[in-house]
Amino acid sequence: MTCKKDHVPFNGTPEQEKALKEVIAQLKDTKGALMPIMQHAQDIYGYLPIEVQTMISDETGIPLEKIYGVSTFYSQFALQPKGKYQISVCLGTACYVKGSGAILSKLEELLGITNGECTPDGRFSLDSCRCVGACGLAPVMMVNDEVYGRLVPDDIPGILAKYK
Ligand code: FES
């Protein structure tokens with residue numbers, strides 16, 4: 001896994017590590033334990049950074065490559081933390097034809113991150129999503145539960161400024 005130097009640093013607590021070790025101790029001799037262990041780990045930490053994957057590997061003896069492969073294969077696992085403000089840009093058909101790709105690009109440019117990442121200060125995370133059921137407002141993005149529609153790229157700086 002490549003990690004940009006400005007990614008959000010991992011700051012797990014001893015309590016989280018203890019909780020993870022307890023889960024692993026309970027499950028590790030069960031067949032097919034890896035997925036539930038990873039799901040519990042994500043519940044404990046909120047995401048599955050390489051540091052947590054390494055702990056799972058050390059405790060279970062399962063190779064890190066396998067854990068990493070599973071974490072990238074299933075979309076339920078997040079390798080990056082989520083920001084205080086979670087931005088989702090709809091790339092469903094209606095939004096896409098109305099230019100949501102340009103909205104996503106503008107967000108990437110202004111936030112300095114790419115789709116799926118979180119800003120180093122933990123404030124914003126950026127993801128794309130499928131139709132959110134507001135096609136009449138296409139193109140649409142959401143910031144947490146707030147919906148913004150009929151967007152053009154020039155709207156984005158003003159919207160981000162509200163969350164500074
Ligand atoms: S396609 Fe974007 S809200 Fe439906």
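Axes are lines fitted to C-alpha atoms, for helices over the stretch in contact, and angles run from 0 to 180 degrees between N-to-C directions. Helices (H or I, at least four residues) and strands (E, at least two) are DSSP runs numbered from the N terminus. The model is predicted, with local features requiring pLDDT of at least 70 and side-chain atom pairs counted only at pLDDT 80 or more, while totals for chains, interfaces and linings use all residues. Residues are numbered from 1 along each chain as its sequence is written, and side-chain values use heavy atoms, leaving out hydrogens and water.

The axes of H3 and H4 come within 9 Å and cross at roughly 130°. H3 is therefore oblique to H4, where angles under 35 degrees count as roughly parallel, over 145 as roughly antiparallel, 65 to 115 as roughly perpendicular and the rest as oblique. The crossing is right-handed, that is, the near helix is turned clockwise from the far one by less than a right angle. Contact (heavy atoms within 4.5 Å) is made by Ile50, Gln53, Thr54, Ile56 and Ser57 of H3 and by Leu64, Ile67, Tyr68 and Ser71 of H4. These residues divide into five nonpolar, four polar and no charged.

On helix H2 (residues 34-45), the axis comes within 11 Å of that of helix H3 (residues 50-60), and the two cross at roughly 140°. H2 is therefore oblique to H3, and this crossing is also right-handed. Leu34, Ile37, Met38, Ala41 and Tyr45 of H2 meet Val52, Met55, Ile56 and Thr60 of H3. By class, this contact has eight nonpolar, one polar and no charged residues.

Within H3, Val52, Gln53, Met55, Ile56 and Ser57 are buried, meaning under 20% relative accessible area with a 1.4 Å probe and protein chains only. Their cover includes helix H1 (14-27), H2 and helix H4 (64-73). Just after H3, glycine 61 takes a positive phi of about 80°.

A nonpolar core is a set of buried Ala, Val, Leu, Ile, Met, Phe, Trp, Tyr and Cys residues joined through side-chain atoms within 4.5 Å. The largest has 18 residues, of which Ile87, Val89, Leu107, Met141 and Val143 touch the most other members. Strand E1 (85-90), helix H6 (100-111), strand E2 (124-129), strand E3 (141-143) and helix H7 (156-161) each give two or more residues to this core, and H6 gives the most, with four. Apart from this core lies another, of 15 residues, including Leu20, Leu34, Leu48 and Ile67.

Definitions and conventions. Nonpolar A, V, L, I, M, F, W, Y, C, P; charged D, E, K, R; others polar. Buried < 20%, exposed > 50% of the residue type's maximum accessible area, 1.4 Å probe, protein only.
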